[in-house]
Amino acid sequence: MLIDSHAHLDDSRFDNDRDVLIRDLKNNGIEMVINIGADLGSSIASVSLAEKYDNIYAAVGVHPHSAKEMDNSTIEILKTFAKRDKVVAIGEIGLDFYYDNSPRDIQKKWFKEQLELAKEVDLPVIIHTRDAAQDTFDILKNAQDGRLKGVLHCYSGSVEMAMEYIKMGFYISLAGPVTFKNSKVSKEVAKAVPLDKLLVETDSPYLTPEPYRGKRNEPIFVRYVAGTIAETRGISFEELAKATNRNTRKLFKIV
């Protein structure tokens with residue numbers, strides 16, 4: 001059994017088969033899924049899914065794409081949802097300088113505010129970063145006062161920076177791109193990160209791994225991510241699954 005530590009099952013691409021897909025997860029080797037918010041609407045949907053299904057947990061937060069829509073009331077709403085029993089993280093939050101859908105200064109402001117929220121409610125953070133590696137690192141380092149914990153989701157940076165994040169107390173999560181033929185750096189990260197600091201995810205419905213690249217991603221495809229990592233590390237699939245499940249439960253405080 002595996003845990004998919006990051007998916008978006010509230011996405012409209014699952015509207016036709018969401019209930020069946022979730023009900024069949026355990027039969028397909030998936031113990032549970034952490035469903036991730038990206039704005040207020042998807043955060044609310046994520047909580048609803050978690051409260052409906054035993055094998056779904058939720059994260060609430062606002063992605064940098066939607067940072068321009070935030071104000072102080074958004075933080076208060078997130079704080080209210082963060083107190084729900086099955087909400088296990090604040091996320092996904094961070095910086096995205098590739099698309100720049102929100103102005104960079106606005107992204108940074110609300111990233112910092114959501115980090116403070118996470119510390120206040122004692123929840124880990126799920127970090128999105130694209131084309132903003134140094135800014136993301138600097139903000140997290142400045143915010144780290146011993147209370148901040150979390151994971152770099154769908155990590156695409158260097159081995160060296162991954163190790164710096166681990167020193168700060170963060171986990172590293174790998175997704176579909178590690179299975180791609182040209183994923184040399186991701187495979188180096190997969191091999192180098194200590195096993196007790198590694199998570200696996202799909203980011204469904206995005207970033208579908210080989211051999212299904214180009215199709216809708218689903219939590220059951222996390223097996224291909226895990227299989228590639230296990231092969232790269234020279235360990236068994238079972239050892240990789242056991243370790244990443246344990247890490248996910250520990251980070252998100254899921255008994």
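User: What is the lining of the largest pocket made of, by class?

Analyst: Please note that this is a predicted model. The lining of its largest pocket has 13 polar, nine nonpolar and seven charged residues.

User: And what is the volume of that pocket?

Analyst: The largest pocket has a volume of about 840 Å³. Among its 29 lining residues, H128, R130, C154, D203 and L207 are the closest to the centre.

User: Which element gives the most to the lining?

Analyst: That is β5, with three residues. The elements that give two or more residues are β4 (87–96), β5 (125–130) and α7 (184–192).

User: New topic: how many salt bridges does the count come to?

Analyst: The count comes to 18 salt bridges. In one of them, R216 pairs with D17, and the closest N and O atoms are 2.9 Å apart.

User: Where do R216 and D17 lie?

Analyst: R216 is in the loop between β8 (198–200) and α8 (222–233), and D17 is in the loop between β1 (2–7) and α1 (18–23), so the pair ties together parts that are 199 residues apart in sequence.

User: What about K79 and E120?

Analyst: Their side chains also meet in a salt bridge, at 3.1 Å from N to O. K79 belongs to helix α3 (residues 72–82) and E120 to helix α4 (residues 104–121), 41 residues apart.

User: Is K79 buried or exposed?

Analyst: K79 is buried, because its relative accessible area is 17% and buried means under 20%. E120, at 53%, counts as exposed.

User: Lastly, which residues are linked in a network of salt bridges?

Analyst: E116, K119, D145 and R147 are linked in such a network.

Technical notes
Residues are numbered from 1 along each chain as its sequence is written. This is a predicted model: local features need pLDDT of at least 70, side-chain atom pairs count only at pLDDT 80 or more; totals for chains, interfaces and linings use all residues. Side-chain values use heavy atoms; hydrogens and water are left out. On a 1 Å grid over the protein atoms alone, a cavity is a set of points where a 1.4 Å probe fits but cannot get out, and a pocket is an open set with protein on both sides within 12 Å along at least five of seven lines; lining residues have an atom within 4 Å of a point. Grid points are joined across faces, edges and corners, and a volume is the space filled by probe spheres set on the points. Helices (H or I, at least four residues) and strands (E, at least two) are DSSP runs, numbered from the N terminus. Ala, Val, Leu, Ile, Met, Phe, Trp, Tyr, Cys and Pro count as nonpolar, Asp, Glu, Lys and Arg as charged, and the others, Gly among them, as polar. A salt bridge is a side-chain nitrogen of Lys or Arg within 4 Å of a carboxyl oxygen of Asp or Glu. Buried means under 20% relative accessible area, exposed over 50%, partly exposed in between (1.4 Å probe, protein chains only).
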